[in-house]
Amino acid sequence: MAGPDQMTAPRQTAMRLILLLGIVSLLGDIVSNGARSVTGPYLLTLGGSAAIVGLVAGLGEFTGYGLRVLTGLYSDQTQHYWRIVYLGYGLLLAIPFLALTGTWEVAAVLLITERIGKAIRAPARDTIISLAASPVGRGWGVGVHKALDQVGAIIGPLLLAAAILTGGGYQTGFAFLALPIVLLFVFLAIGKRAVPEPGIFERSDEDAAVPAARRFVPYATFLFLAMAGFASFPLISYHMKVQGLIADPSIPLIYAGAMAVSTLVALGGGWAYDRIGTRALLLIPLINIAIPALAFSTAPSLIVLGTLIWGVGIGLHETVMRASLADRTATEIRGQAFGYIYAVYGTGWFLGSTVMGVLYEVSVAHIIGFVAITEVLAVAAYVWMRQGRVRRL
């Protein structure tokens, strides 16, 4: 058996890798979230309806999360984590090509292509981060990475807002997003060179290698229901524009504000998880219920408040979910575990976004009712999960 020095890398090396991958994610989010901040208005200018916006947003998330079952399994079988991460980030190049499109159909394909890239890289990247987070505190390590990730989600919308304000329009903003992609690969290469074998950070736990389906179901059910009631920003931004409530340049700025909130919440959520565990998940349904009543109102101030609360949800969701899942799975199956749970997560978001897009054409009250029902059910699933039926996934 390998000795302690062989199995545990120094804490500072682990933190360095987390920071490097955080910068990579920061640059990636400048690109992806820069585009997402104006997806609703941009598709509207190309002739898309509210139902189309909801469908594209939902299908993008479903694809981006659903395919992770396969990519997670592949990353576990090959353990070619870095190679998979490189490939996934390469598909970010779909975003600059939005500058060349003239129809909502082509734009939709490019947006979904970017989400496929996310599906390819996420399980392998999250496995690397979870391994590196082991020596520094699982919640804190994941939270630091997510916070850096969200900084990029602030910068990207600001760049798009600047492009619109200076008269360059959406196309100029999309074209400019090619630069962060180049920088991203520089930092990715530095990270790979620093720690070519991320498995040195964590001892394998064979007892967690075979999760029981009956233990997985309550946890997955909770996440599915919670995400089904989580509104998508493209639909929120569509509401802002189609109702004439928020000026175009202000929409990405509001999105940036939500990402700033999510940055702080990611750090706080990670810190809280290390102290109270999965109880932090219970905040998610409570937050989700508040969002539609505010974000789909007709008062600009309430819309802004609802969007900021939406940012709280973004910061909390993946931080606590990723940390809790990593603590409950062995290194040998962690990639596929991330893949499976992300598939559940994304399916819930896809179905919920699609339903909300259709309900928006009826009334906002229908959206509020739908979210209230799904989140009450999510709380029930959380109670089921906490009744001692899920100890290890």
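I began at Tyr-345, which is buried because its relative accessible area is 2% (buried is under 20% relative accessible area, exposed over 50%, partly exposed in between, with a 1.4 Å probe and protein chains only). The model is predicted, so I kept local features to pLDDT of at least 70 and side-chain atom pairs to pLDDT 80 or more, while totals for chains, interfaces and linings use all residues. Numbering runs from 1 along each chain as its sequence is written, and side-chain values use heavy atoms, with hydrogens and water left out.

**Entry 1: aromatic pairs**

I searched the whole structure for aromatic pairs and got 14 (Phe, Tyr and Trp rings, the six-membered one for Trp, with centres within 6.5 Å; planes under 30 degrees apart are stacked, over 60 edge-to-face, the rest tilted). I then looked up Phe-338 with Tyr-342: the ring centres are 6.1 Å apart and the planes are at 25°, so I logged the pair as stacked. Both residues sit in helix 16 (residues 334-360), 4 residues apart, about one turn of the helix (helices are DSSP runs of H or I, at least four residues, numbered from the N terminus). Phe-338 and Tyr-342 are both buried; for Tyr-342 I noted a relative accessibility of 0%.

Tyr-342 also pairs with Tyr-345, this time edge-to-face, at 6.2 Å between centres and 90° between planes. These two are 3 residues apart in helix 16, so about one helical turn separates them. As a reminder to myself, an α-helix has 3.6 residues a turn, so residues three or four places apart point the same way.

Which residues form the aromatic cluster with Phe-338, Tyr-342 and Tyr-345? I listed Phe-230, Phe-233, Tyr-255, Trp-310 and Trp-349 as the other members.

I looked up helix 15 against helix 16 next. Their axes come within 10 Å and cross at roughly 145° (axes are lines fitted to C-alpha atoms, for helices over the stretch in contact, with angles from 0 to 180 degrees between N-to-C directions). From helix 15 the contact takes Ile-314, His-317, Glu-318, Met-321, Arg-322, Leu-325 and Ala-326 (contact is heavy atoms within 4.5 Å). From helix 16 I noted, among others, Phe-338, Tyr-342, Tyr-345 and Trp-349. By class I recorded 10 nonpolar, 1 polar and 3 charged residues (Ala, Val, Leu, Ile, Met, Phe, Trp, Tyr, Cys and Pro are nonpolar, Asp, Glu, Lys and Arg charged, the others, including Gly, polar).

Helix 13 (residues 250-276) and helix 15 (residues 300-327) have axes that come within 7 Å and cross at roughly 35°. The residues of the contact divide into 16 nonpolar, 9 polar and 1 charged.

I listed the buried residues of helix 5 (residues 68-78) as Arg-68, Val-69, Thr-71, Gly-72, Ser-75 and Asp-76. They pack against helix 4 (50-66), helix 6 (81-90), helix 7 (104-133) and helix 16. I flagged the value, since most residues other than glycine have a negative phi.

**Entry 2: Leu-59**

Leu-59 lies in helix 4. I put Leu-59 down as partly exposed because its relative accessibility is 31%. Leaving out residues up to four places away in sequence, Leu-59 touches Ile-112 and Phe-350. I also checked Leu-59 against Ala-108: 49 residues along the chain, 9.5 Å between the C-alpha atoms.

**Entry 3: Thr-39**

Is Thr-39 buried or exposed? I found Thr-39 buried, at a relative accessible area of 8%. Thr-39 belongs to helix 3 (residues 39-45). The Thr-39 side chain reaches the backbone oxygen of Ala-35 at 3.0 Å. Beyond residues up to four places away in sequence, Thr-39 touches Leu-111 and Pro-234. Last, I took the C-alpha to C-alpha distance from Thr-39 to Arg-279: 34 Å in space, for 240 residues in sequence.

Conventions. Polar contact = N/O pair within 3.5 Å; in protein donor to acceptor, adjacent residues only side chain to side chain.
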